[in-house]
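Please keep the sequence and the model in view while reading.

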Amino acid sequence: MPLLDSWTAGQHTAGDTTHPTYRKGAGPGVVIIHEIPGLTPTVIGFAEEVVAAGYTVVLPHLFGTPEAPPSAGAIAKVLPRACISKEFTTMAVGETSPIATWLRSLARSLHEELGGPGVGALGMCFTGGFALAMMVDTSVAAPVLAQPSLPFAVGRKRAADLNLSAADLTAVKERAAAGCQVLGLRYSKDPAVGTRFDTLTRELGDAFLRVDLPGKGHSTVTEQRSQEAVDRVLGFFAEKLQAPA
């Protein structure tokens, strides 16, 4: 049975941009943004755990072949296309990836439909920083950064950069100062994350909840899944998104 058969296929349009989506569950909204090469079985499996915890999960399909495993061939096929796409900023510093505008619209529409304190947003690896960019919109109440890896950590500036424009960083800092916390997950010896967790600590202070897992893994909630990481994510969503009884 295909993994997405129990999910409702749809699409979301913001401006001139349209991407397919998959939706499942009930409860507060959570947007889970897949890593490269796409909506792999482990990404879908993690999303199923979030659904089971009591959330309406929306999976945007940004690139790759849904349900395909993350083979070297699949990564080699998707990565070059993603790198040259105008939607993603992979090397520039001090810029927000344009896809953030579409993702903010998706989160806003989900919150308008479902209500509650807000929606959760989780990005991973290539898309890890997108949840931070989504936080500019007040509909996002629980942003989670799982091993954020853009811009690619080549050189000190890129390794420390948050994939945000100056204006968006100011907006994120204002929301953090007003009480919106950010959860970050990474393996402590993962070079792809660079030093941006240090940047987040410096810029957001106590509002950045930093989780440094031991070891050299990369994908904290999927391929090299850490139960601690998954538990922290579910606990964070429960605290921020579940309305008091």
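Helices (H or I, at least four residues) and strands (E, at least two) are DSSP runs, numbered from the N terminus. The model is predicted: local features need pLDDT of at least 70, side-chain atom pairs count only at pLDDT 80 or more, and totals for chains, interfaces and linings use all residues. Residues are numbered from 1 along each chain as its sequence is written, and side-chain values use heavy atoms, with hydrogens and water left out.

- Most residues other than glycine have a negative phi, and most peptide bonds are trans.
- Cys 125, in the loop between strand 5 and helix 4 (130-134), is not a glycine and yet has a positive phi of about 55°.
- At a relative accessibility of 16%, Cys 125 counts as buried; the term buried means under 20% relative accessible area, exposed means over 50%, and partly exposed lies in between (1.4 Å probe, protein chains only).
- Gln 147, in the loop between strand 6 and helix 5, also has a positive phi, near 40°, and is buried with a relative accessible area of 0%.
- The loop between strand 6 (140-146) and helix 5 (156-160) holds Pro 151, and the peptide bond that joins Leu 150 and Pro 151 is cis, with omega about -10°.
- Pro 37 belongs to the loop between strand 3 and helix 1; the peptide bond from Ile 36 to Pro 37 is cis, with omega near 10°.

**His 34 and its surroundings**

- His 34 is located in the loop between strand 3 (29-33) and helix 1 (41-52) and is buried, with a relative accessible area of 0%.
- A polar atom of the His 34 side chain lies 2.9 Å from the backbone nitrogen of Leu 62.
- Beyond its neighbours within four places in sequence, His 34 is in contact (heavy atoms within 4.5 Å) with residues including Val 43, Leu 62, Met 124 and Thr 127.

**Helix 1**

- The 12 residues of helix 1 reach 16 Å from the first C-alpha to the last, close to the 16 Å expected at 1.5 Å a residue; the expected span is 1.5 Å times one less than the number of residues.
- The buried residues of helix 1 are Val 43, Ile 44, Phe 46, Ala 47, Val 50 and Val 51.
- Seen down the helix axis, these buried residues fall within an arc of 160°, so they line one face of helix 1; the arc is that of the directions from the helix axis to the C-beta atoms.
- An α-helix has 3.6 residues a turn, so residues three or four places apart point the same way.
- Strand 2 (17-25), strand 3, strand 4 (56-60), strand 5 (119-124) and helix 8 (227-241) are the elements against which the buried residues of helix 1 pack.
- Gly 54, which follows helix 1, has a positive phi near 110°.

**Strands and their pairing**

- Strand 3 is largely enclosed by the rest of the structure, because 5 of its 5 residues are buried.
- Both faces of strand 3 are covered, with Gly 29, Val 31 and Ile 33 on one side and Val 30 and Ile 32 on the other.
- Strand 3 and strand 4 run parallel and are joined by 3 bridges, where two strands pair if DSSP finds at least two bridges between them.
- Within strand 4, Val 57 stands opposite Val 30.
- Strand 6 is mostly covered, with 7 of its 7 residues buried.
- Strand 5 runs parallel to strand 6, and 6 bridges join them; the bridge partner of Gly 120 in strand 6 is Ala 142.
- Strand 6 also runs parallel to strand 7 (residues 182-187), joined by 3 bridges, and the bridge partner of Ala 146 in strand 7 is Leu 185.

**Nonpolar cores**

- A nonpolar core is a set of buried Ala, Val, Leu, Ile, Met, Phe, Trp, Tyr and Cys residues joined through side-chain atoms within 4.5 Å.
- In the largest nonpolar core, which has 42 residues, Phe 88, Leu 132, Met 134, Leu 200 and Leu 204 touch the most other members.
- Elements that give two or more residues to this core include helix 2 (72-84), helix 3 (99-114), helix 6 (166-177) and helix 7 (196-204).
- Helix 3 gives the most to this core, with 7 residues.
- A second, separate core of 33 residues includes Val 43, Val 51, Ala 142 and Ala 146.

How values were computed
A polar contact is a pair of N or O atoms within 3.5 Å; within protein, one must be able to donate a hydrogen and the other to accept it, and residues adjacent in sequence count only if both atoms are side-chain atoms.
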